[in-house]
Amino acid sequence: MPVTVVRFNLVAPGAAPDALSARYRAAVEMACYADAHGIATVRTEEHHGAENNWLPSPLVFTGAVLGATRRIAVTVSAVIGPLHDPLRLAEDIAVLDLLSGGRLVTVTGIGYRPEEYAMFGVDWRRRDRLQDEPLETLPAAWTGEEFDYRGRRVRLTPRPYTRPRPPLLAGGSSKAAARRAARLGLPFFPSAHLPEPAAYYEERLAEYGIGGWTMMPAAGTPLLHLAEDPDRAWAEYGGRLLHEARTYASWQPDGIRSAVRSAATTVAELRAEGAGAACGCSQSGSFRRWAAEPGRPGVRTPPPPVRAGGRDRGRRTVRGEGSGVLALLPEFGGPR
């Protein structure tokens with residue numbers, strides 16, 4: 001079942017602190033608006049030291065959104081696992097899960113920017129091994145029972161609200177990531193439309209004799225931008241869409257795969273990448289924009305994982321038809 005998603009990264013190149021403060025507060029107001037109008041999920045993410053002020057603390061922002069809303073879920077996609085202390089990460093997610101009544105979904109990824117690892121003094125070459133620890137620690141910590149951690153016995157409290165545990169997905173784009181997810185019995189969240197790692201994940205599940213599922217972006221439509229006047233929207237927001245496309249392109253050397261991909265260097269090129277798309281809207285490897293039709297929401301994205309105590313023990317692949325919506329709410333003036 002398609003769901004609606006509002007995505008925030010809080011990017012603001014060169015913004016002063018007062019402008020950033022206004023942007024963050026506007027984002028929370030937008031989340032409240034989305035909550036009141038039936039949007040299903042807010043999505044946010046983590047990057048560090050970016051010149052454009054990309055959000056570095058998604059869990060802090062998530063707390064603000066969850067505290068201000070009542071129904072909408074928040075998906076953090078993704079927490080960069082090796083950059084966090086696993087015990088503290090488990091505590092933070094447990095508190096957010098309690099605060100929200102089970103509305104938090106966490107994807108833990110390995111990251112793809114060596115400079116972020118260097119910033120925190122974490123060895124980039126050990127990232128695969130380091131990613132195992134948080135994915136092993138969080139489920140054990142959320143049981144409320146003692147468990148072995150780095151050679152000692154520990155017990156974390158309080159327990160989360162969600163039973164048996166808050167939704168936790170293992171992200172990645174490689175066979176190693178798929179194997180890790182299957183080995184640990186976690187749902188797999190590929191970073192792009194990657195049928196090969198998804199199929200490998202299914203094979204490993206069968207080998208281990210356990211259940212699991214995949215939530216994978218579709219080959220297209222990773223982001224939707226709804227507008228009554230596409231030409232006007234491109235003129236006003238095209239530069240911002242191009243900025244994100246170029247930022248992701250600069251972060252993706254050979255071997256790094258992401259749902260956000262574009263070779264465009266100008267707004268015109270970005271729009272031309274999707275020439276011929278339906279409804280007179282523009283589509284590219286990074287962005288597709290649909291005009292809403294009467295009686296049709298014009299929003300198609302992958303379903304979220306099971307929430308609030310549910311657990312899917314069967315194997316299935318959820319191939320979403322997109323992965324996000326950039327919702328423009330002019331009455332709040334931003335984020336811009």
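A residue is called buried if its relative accessible area is under 20%, exposed if over 50%, and partly exposed in between, using a 1.4 Å probe and protein chains only. By this rule tyrosine 201 is buried, because its relative accessible area is 0%.

The model is predicted, so local features need pLDDT of at least 70 and side-chain atom pairs count only at pLDDT 80 or more, while totals for chains, interfaces and linings use all residues. Residues are numbered from 1 along each chain as its sequence is written, and side-chain values use heavy atoms, with hydrogens and water left out.

A pair of aromatic rings is described by the distance of the centres and the angle of the planes. Rings of Phe, Tyr and Trp (its six-membered ring) pair if their centres lie within 6.5 Å; planes under 30 degrees apart count as stacked, over 60 as edge-to-face and the rest as tilted. The structure holds 5 aromatic pairs. In one of them, phenylalanine 8 and phenylalanine 61 have ring centres 5.8 Å apart and planes at 70 degrees, so this pair is edge-to-face. Phenylalanine 8 is buried at 3% relative accessible area, and phenylalanine 61 is buried at 5%. Ring pairs also join Phe8, Tyr24 and Phe61 into a cluster.

Tyrosine 201 pairs with phenylalanine 188: the centres are 5.4 Å apart and the planes 35 degrees, which makes the pair tilted. Phenylalanine 188 is buried, with 0% relative accessibility.

A charge sits over a ring if NZ of Lys or CZ of Arg is within 6 Å of the ring centre and within 35 degrees of the ring normal. Arginine 204 has its charged end over the ring of tyrosine 200, 4.6 Å from the centre.
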